[in-house]
Amino acid sequence: MKIQIITLFPEMFPGIMDASMLWKAQEQKLLDISYVNLRDFGLGNRKTVDDTPYGGGDGMLLKPEPLFAAVRFAKEQDPDANVMLMTARGARWKQASAQKAADTQTGLIIICGRYEGYDERITSLVDMQVSIGDYVLTGGELPAMVVTDSIVRLIPGVLGGENSAAIESFSDGRTLEFPQYTRPEEFEGMKVPEVLLSGNHAAIEKWRTENSQQADKN
Ligand code: ADE
């Protein structure tokens, strides 16, 4: 799966994207992540990417020309890719959204919004506007990492145990993962629930179901 991320801050990504599962997925050629530096498409000698809003108001907006040029550049690398704009105004990203993206593995071009906003005309190039939650972040970089991580771990072959992604939280859209324990049996006076040591698989299954929290608990 090919993911291109359009950002003014590519240096924010390697710590997350080049570690653990995301690194492994790239090593195995299941994932190809690249960064398009919006600054490279900035205007003039100063590589300007932002400007003040018409109608007044605080702050600066990302200008349309560099954004359009960056998206068009990314589209040349992957003409069928879906273009996603990270914005607090977008549709909420859900486990089902991640699953759909992992199932199709259609390429993604993720635009990270920045500053106080972006010129609205960029939305004409965008297939989806995505929010990761009802809070406002300083930019789309963290959301882009969250969305990427949520998709990539569902790509077949990326997780070690092929069942682990399926068993756990939200896989059926309803439940959160049950509590789990490993050795030792007793730690600082806290014991592993007896049933988990029983070897009784039916009883263990029942306990796990009973102890899975509902996802809509808020
Ligand atoms: N940019 C700023 N806040 C955001 C959010 N909650 N989700 C996605 N992109 C954002």
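This briefing covers two residues, R114 and P66, and the helix that holds P66. The structure is a predicted model, in which local features need pLDDT of at least 70, side-chain atom pairs count only at pLDDT 80 or more, and totals for chains, interfaces and linings use all residues. Residues are numbered from 1 along each chain as its sequence is written, and side-chain values use heavy atoms, with hydrogens and water left out.

**R114**
- R114 lies in the loop between strand 6 (108-112) and strand 7 (128-131), where strands are DSSP runs of E with at least two residues and helices are runs of H or I with at least four, numbered from the N terminus.
- With a relative accessible area of 13%, R114 is buried (buried means under 20%, exposed over 50% and partly exposed in between, with a 1.4 Å probe and protein chains only).
- Neighbours within four places in sequence aside, R114 is in contact with L8, F9, M12, L62, T138, G139 and E141, contact being heavy atoms within 4.5 Å.

**P66**
- P66 belongs to helix 3 (residues 64-77) and is buried, its relative accessible area being 0%.
- Not counting residues up to four places away in sequence, P66 touches L38, F41, G42, L43, T48 and V49.
- The C-alpha atoms of P66 and I132 are 25 Å apart, and these residues are separated by 66 residues along the chain.

**Helix 3**
- Besides P66, the buried residues of helix 3 include P64, L67, F68, A70, V71 and A74.
- Among the elements that cover these buried residues are strand 1 (2-7), strand 2 (32-37), strand 4 (61-62), strand 5 (82-92) and strand 6.
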